[in-house]
Amino acid sequence: MSFLAASLSKIKPSPTIAISMKAAELKASGKDIISLSMGEPDYDTPINIKQAAILAINNGDTKYTAVDGTAALKKAVINKFKRENNLEYKPSEICVSTGAKQVIYNALVASINPLDEVIIPAPYWVSYPDMVLLCGGTPVTVESSSENNFKITAAALEEKITTKTKWLILNSPSNPSGACYSAAELNELAQVLLRHPHVHIMADDIYEHLTFDNLKFATIAEVEPKLKDRTLIVNGVSKSYAMTGWRIGYGAGPEKLIKAMSMIQSQSTSSPCSISQAAAVEALNGPQNYIHESKAVFQARRDMVVKMLNNIAGIECNTPNGAFYVFPSCKGLLGKKTPEGKIIENDSDFVSYLLEESLVAAVQGSAFGTPNCFRISYAASEDFLQNAMQRIAAACAKLK
Ligand SMILES: Cc1ncc(COP(=O)(O)O)c(C=O)c1O
């Protein structure tokens, strides 16, 4: 009998983390690596947030808190939903966890039974399908295309809904494509979902504050209030406030689900870090200028990266309207030969070649369910990005 659980045979380690580790290893060995593979802001956490954490330590806020989050943080989360999304929640409809990742995992553990299906638009964040598999469910992918800016259509969604569909996971702005649905586009999807009342919606809004070109962020429960009682909004402070290491995420949804998620948390990790929760209160309640400033910087970086990539023969990149990723196609370079005579057969070969030849770490599109593409995170300084794009261009020019 195998010692390890059978469910483990269905999943793999996160490919984005694997590539970032490989890049870090090469860097440690003295190679001049530029890693554009990680999904985190390159800024430091704002000073007022750090000070709130220091104050919490000095005040002795160093003990377990309520499992589903402190009253102060729940209040800040409720105020955030009212202020930014025009949504009302009660404290019993909020659960704070150790990152948005734990919110998603708790929700799936709380709801998935064998044979349940979870619809996931591709390209998708790497963890969704593996979490569904780990919980014994079946991920069902809906394809999108670059022509449609990697957004799914209402018809494509409806085609995938069966009597077994438990969830649709909607991530906007998206990791990895950067695609952000407008309110009108969400409304089209909402009309389909209204016809299928057994389908729940997990709206992963973690990149909410990174929308560009004056696009106003919208979330589906706000666009179609009739869906609110079967929607779980997942959000957190990681990306918006450069707090990835603090590990605070939160979920807002129907009380019954939130209660089940809290119970799972009570039997696994207990409360999230007390100090990080105090810092998150300051992030949500304090001055919000950081968000606006970082948004402008990211938009400028996006424009530079898209322009430089589109100047490379064989690469095509559309202009995403959110997050800090671009998801260009490398299709035009497949079948070409490296200077060492190796054929670039697919997107994985392409990113391996980039790492070896240009010392730039990117992630293959197939890791996100969409082959022939690759993901670049532009959460890096303009100098780094410029240097990286020049190196990629030089490496591509050597492919014959
Ligand atoms: C789409 C998406 N959802 C959730 C998360 C998890 O965020 P957190 O750091 O809050 O766990 C990430 C992080 O990369 C992400 O890209």
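A: Let us begin with a convention for sorting residues: Ala, Val, Leu, Ile, Met, Phe, Trp, Tyr, Cys and Pro count as nonpolar, Asp, Glu, Lys and Arg as charged, and the others, Gly among them, as polar. Please keep in mind as well that this is a predicted model.

Q: With that convention, how does the lining of the second largest pocket divide by class?

A: The lining of the second largest pocket has six nonpolar, nine polar and three charged residues. This pocket has a volume of about 360 Å³, and of the 18 residues that line it, Ser146, Glu147, Ser329, Lys331 and Cys373 are the closest to its centre.

Q: Which space does the ligand take, and which residues come nearest to the ligand?

A: The ligand takes the space of the largest pocket. There are 13 residues around the ligand, and Ala100, Asn175, Asp204, Lys239 and Arg247 come nearest. Sorted by class, this shell holds five nonpolar, four polar and four charged residues.

Q: What should I look for when I read the polar contacts of the ligand?

A: From the backbone, an N or O atom of Lys101 lies 3.0 Å from an oxygen atom of the ligand. From the side chains, a polar atom of Tyr207 lies 2.8 Å from a ligand oxygen atom, and an N or O atom of Ser238 is 2.9 Å from an oxygen atom of the ligand. As for cover, the ligand has 390 Å² of accessible area on its own, and the protein covers 92% of this.

Q: How many cavities of 30 Å³ or more does the structure hold, and which residues lie nearest the centre of the largest cavity?

A: A cavity differs from a pocket in that the probe fits inside but cannot get out. The structure holds three cavities of 30 Å³ or more, and the largest has a volume of about 130 Å³. Its lining has 18 residues, with Pro121, Pro123, Asn171, Ser174 and Tyr181 nearest the centre. Two or more residues of this lining come from each of β3 (117-121) and β5 (165-171), and β5 gives the most, with three. The lining of the largest cavity divides into 13 nonpolar, five polar and no charged residues.

Q: How should I read the backbone angles?

A: Most residues other than glycine have a negative phi, and most peptide bonds are trans. Here a cis peptide bond with omega of about 0° joins Ala122 and Pro123, and Pro123 lies in the loop between β3 and α5 (127-134). The peptide bond from Ser172 to Pro173 is also cis, with omega near -10°, and Pro173 is found in the loop between β5 and α7 (183-194). Ala242, a residue other than glycine, has a positive phi near 50°, and Ala242 lies in the loop between β7 (231-236) and β8 (249-252).

Note on methods. Residues are numbered from 1 along each chain as its sequence is written. This is a predicted model: local features need pLDDT of at least 70, side-chain atom pairs count only at pLDDT 80 or more; totals for chains, interfaces and linings use all residues. Side-chain values use heavy atoms; hydrogens and water are left out. A residue is near a molecule or strand if one of its heavy atoms lies within 4 Å of it. A polar contact is a pair of N or O atoms within 3.5 Å; within protein, one must be able to donate a hydrogen and the other to accept it, and residues adjacent in sequence count only if both atoms are side-chain atoms. Accessible areas come from the Shrake-Rupley method with a 1.4 Å probe; for residues, only the protein chains shown count as cover. On a 1 Å grid over the protein atoms alone, a cavity is a set of points where a 1.4 Å probe fits but cannot get out, and a pocket is an open set with protein on both sides within 12 Å along at least five of seven lines; lining residues have an atom within 4 Å of a point. A molecule sits in a cavity or pocket if more than half of its atoms lie within 2 Å of its grid points. Grid points are joined across faces, edges and corners, and a volume is the space filled by probe spheres set on the points. Helices (H or I, at least four residues) and strands (E, at least two) are DSSP runs, numbered from the N terminus.
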